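Visitor: I've got a structure open and would like to talk it through with you. Could we begin with how contacts are counted?

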Amino acid sequence: MEFYGKRNLSRYMDEERKSFNQSSNHSPLRTHQIHDHHLSPTRSMMTVMPPASPDSPWTLSPLHTPSPSLLYHCIASLHRHEGNIYSIAVSRGLVFTGSDSSRVRVWRQQDCIEKGYLKASSGEVRAILGYGNMLFTTHRDNKIRVWNVTNSDNFRYKKVSTLPRKTSLLVFPRASPQKHKDCVSCMAYYHAEGILYTGSRDRTVKAWRLSEKQCVDSFVAHEDKVNAMVLNQEDGCLFTCSSDGSVKIWRRVYGESSHTLSMTLKFQPSPVNGLVLSLSLNTCFLYSGSSDGFINFWEKEKMSGRFNHVGFLQGHRFAVLCLEAVEKLIFSGSEDTTIRVWRREEGSYSHECLAVLDGHRGPVRCLAGCLEMEKVVMGFLVYSASLDQTFKVWRIRVLPDEQKQVCLDDGNPNDDLKRKMMEYEMSPVLSPSWVEKKLLGSHFQ
């Protein structure tokens with residue numbers, strides 16, 4: 001795949017204005033808008049698409065099939081009047097979204113119906129993590145809240161604790177030494193030990209033992225803000241990445257609460273924004289997305305446990321902001337407004353870009369995904385949020401080799417090649433409001 005450098009942003013603004021003027025002559029797509037307090041029932045009909053269920057707030061989009069290996073379409077799209085969606089988590093049939101608001105929205109995974117929300121005393125939910133009945137959220141006050149959620153006919157939740165805990169009113173108020181000094185940007189949970197890890201813009205990583213509700217270790221992990229982290233549940237290794245351009249591997253000292261640096265992976269000066277692990281029975285791959293548009297990946301040696309750099313993926317024109325892994329697929333969200341679907345070939349380092357999802361009109365800030373079905377056809381649900389203030393749900397079907405061959409036989413292979421070439425020649429369409437933020441240098445704040 002060819003890599004494209006950045007072009008003049010003013011050109012994108014001109015192109016978008018032209019496309020907007022052209023689209024204004026046609027009937028608009030039916031959309032739904034989400035507010036901080038309620039869903040707007042306002043709708044505008046404009047396509048011959050079959051209507052969605054009257055109980056569903058989602059909009060069905062046309063089926064798009066750019067690859068004989070994969071079928072996908074956007075089944076839902078929500079727009080916020082104000083503020084961005086910063087975080088998404090999928091857990092036990094529920095989807096959670098965090099935004100500027102102090103409310104964490106909860107959606108039912110199967111039919112995309114809103115179940116309710118969690119109300120906190122502080123907004124700007126930058127990170128969400130779910131495990132079992134537990135949900136972890138980070139907020140503007142630099143604290144972490146732990147919730148117990150129940151997915152029944154009536155969604156119920158209860159706040160279990162706030163980390164760090166409040167000090168006694170009898171004690172003279174002062175800044176807690178356990179509290180992060182800046183925004184908590186990412187989290188990871190070690191199931192076996194009940195330890196929650198948090199990474200912050202203050203360059204530190206903290207380890208919280210939930211049974212004790214206190215911080216058991218805190219260390220400066222990077223020279224710049226910590227952007228993402230992921231944990232290997234098999235051995236407890238913690239991976240962190242930062243705007244300093246490095247990826248680091250941390251191990252907990254045996255029998256202690258402290259952590260030690262095991263390995264530093266650094267191959268480029270560009271900030272690293274996203275991390276994800278792809279695990280199978282015999283392999284372990286680590287992927288990192290950086291601001292130069294590349295996705296680097298490493299393989300874990302079976303004997304030594306070291307991670308060796310084995311390649312990188314090219315395709316995004318702007319920065320890679322987030323990554324997600326489900327089964328054998330890797331999903332990457334980018335500043336170029338697109339989501340790419342990658343598949344690693346079994347027994348090799350080769351990757352194929354199966355599709356480019358291009359429904360957003362701003363940088364794709366966060367992703368989450370889950371397996372929907374596992375029979376003859378692999379099915380996935382992918383959730384994406386963008387700085388264009390939209391939240392979208394994609395249904396993806398990966399065809400087995402037999403059905404893939406049928407698709408190739410029915411169509412002209414040259415037509416498919418031309419379609420892919422045209423896709424790579426297309427420039428992303430950015431919203432003018434985001435371009436203005438980009439030029440002001442505040443597009444990721």
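Guide: Contact here means that heavy atoms lie within 4.5 Å, and please keep in mind that the model is a predicted one.

Visitor: Let's switch to aromatics. How many aromatic pairs are there?

Guide: The count comes to 13 aromatic pairs. One of them joins tryptophan 147 and tyrosine 157, which are edge-to-face, with 5.6 Å from centre to centre and 65 degrees between the planes.

Visitor: Which parts does that pair tie together?

Guide: Tryptophan 147 belongs to strand β11 (residues 144–150) and tyrosine 157 to strand β12 (residues 156–163), so the pair links parts that are ten residues apart in sequence. Tryptophan 147 is buried at 2% relative accessibility, whereas tyrosine 157, at 33%, is partly exposed.

Visitor: What about phenylalanine 331 and phenylalanine 380, why is that pair edge-to-face?

Guide: Their ring centres are 6.4 Å apart and their planes stand at 65 degrees, so the pair is edge-to-face, given that planes over 60 degrees apart count as such. Phenylalanine 331 sits in strand β26 (residues 329–334) and phenylalanine 380 in strand β30 (residues 378–386), so this pair ties together parts that are 49 residues apart in sequence.

Visitor: Which arginines lie over a tyrosine ring?

Guide: Arginine 103 lies over the face of tyrosine 117, at 4.2 Å from the ring centre, and the charged end of arginine 126 is placed over the ring of tyrosine 86, 4.0 Å from its centre.

Visitor: New topic: what order do the strands take in the open sheet of four?

Guide: The order is β13-β14-β15-β16, and the pairing is antiparallel. The edge strands, which pair on one side only, are β13 (184–190) and β16 (214–220). Neighbouring strands of this sheet are turned by 20 degrees against each other on average, with direction ignored.

Visitor: How many bridges join β13 and β14?

Guide: β13 and strand β14 (residues 195–200) pair in the antiparallel sense over six bridges, and alanine 188 has tyrosine 197 in β14 as its bridge partner.

Visitor: Now the backbone: which peptide bond is cis?

Guide: The bond from leucine 163 to proline 164 is cis, with omega near -5 degrees, and proline 164 is found in the loop between β12 and β13. In general, most peptide bonds are trans, and most residues other than glycine have a negative phi.

Visitor: Then which residues other than glycine have a positive phi?

Guide: Among them are arginine 92, with phi near 50 degrees, and glutamate 327, with phi near 55 degrees. Arginine 92 is in the loop between β5 (85–91) and β6 (94–99) and counts as exposed at 56% relative accessibility. Glutamate 327 lies in the loop between β25 (320–326) and β26, where a relative accessibility of 42% makes glutamate 327 partly exposed.

Terms used. Residues are numbered from 1 along each chain as its sequence is written. This is a predicted model: local features need pLDDT of at least 70, side-chain atom pairs count only at pLDDT 80 or more; totals for chains, interfaces and linings use all residues. Side-chain values use heavy atoms; hydrogens and water are left out. Rings of Phe, Tyr and Trp (its six-membered ring) pair if their centres lie within 6.5 Å; planes under 30 degrees apart count as stacked, over 60 as edge-to-face and the rest as tilted. Helices (H or I, at least four residues) and strands (E, at least two) are DSSP runs, numbered from the N terminus. Buried means under 20% relative accessible area, exposed over 50%, partly exposed in between (1.4 Å probe, protein chains only). A charge sits over a ring if NZ of Lys or CZ of Arg is within 6 Å of the ring centre and within 35 degrees of the ring normal. Two strands pair if DSSP finds at least two bridges between them. Axes are lines fitted to C-alpha atoms, for helices over the stretch in contact, and angles run from 0 to 180 degrees between N-to-C directions.
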